[in-house]
Amino acid sequence: MDDYYQRVYRVVEQIPAGRVTTYGAIARFLGITSGARMVGYALNKAAETNIPAHRVVNRNGELTGRAYFPDDTMRERLKQEEVTFIDEYQVDLERHLWDPNEEME
């Protein structure tokens, strides 16, 4: 399991500032079908590290991981990176989606 978490963290570390990806995109990149929830578990463990877990959202662009950040930190970090929202807690995926399947080898 720890190796899987490390693989997730390596992908998340590649997400550029101002961009986001989804739990499912990371799972697909790692070859784990239906693994979005597993990616979420890995990122829950990373909330207090320097891994930019705030850049990972659900398939609709919603900040479902925000419960693991103090206060409204996840949203605030994304706003500081000039990520735009289409709703209070929903990122504009059309503008900001970074897909590891297209960006990484």
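Helices here are DSSP runs of at least four residues in state H or I, and strands are runs of at least two residues in state E, each numbered from the N terminus. On that basis, the order of elements along the sequence is α-β-α-α-β-α-β-β-α-α, which amounts to six helices and four strands. The radius of gyration of the protein is 12 Å, close to the 13 Å that the globule rule gives for 105 residues, and the protein is therefore as compact as a globular protein of that length. It should be kept in mind that the model is predicted.

The overall dimensions can be considered next. The C-alpha trace extends over about 35 × 30 × 20 Å along its principal axes. Among contacts with a separation of 6 or more, 64% are made by residues 24 or more positions apart. Of the 105 residues, 47% count as buried.

One residue may be examined individually. Gln90 belongs to strand E4, which covers residues 90-91. Is Gln90 buried or exposed? Its relative accessible area is 18%; because buried means under 20%, Gln90 counts as buried. Apart from neighbours within four places in sequence, the residues in contact with Gln90 are Asn60, Gly61, Glu62 and Phe85.

Note on methods
Residues numbered from 1 in each chain as written. Predicted model: local features only at pLDDT ≥ 70, side-chain atom pairs only at ≥ 80, totals over all residues. Heavy atoms only, no water. Rg over C-alpha atoms; globule rule 2.2 N^0.38 Å. Buried < 20%, exposed > 50% of the residue type's maximum accessible area, 1.4 Å probe, protein only. Contact = heavy atoms within 4.5 Å.
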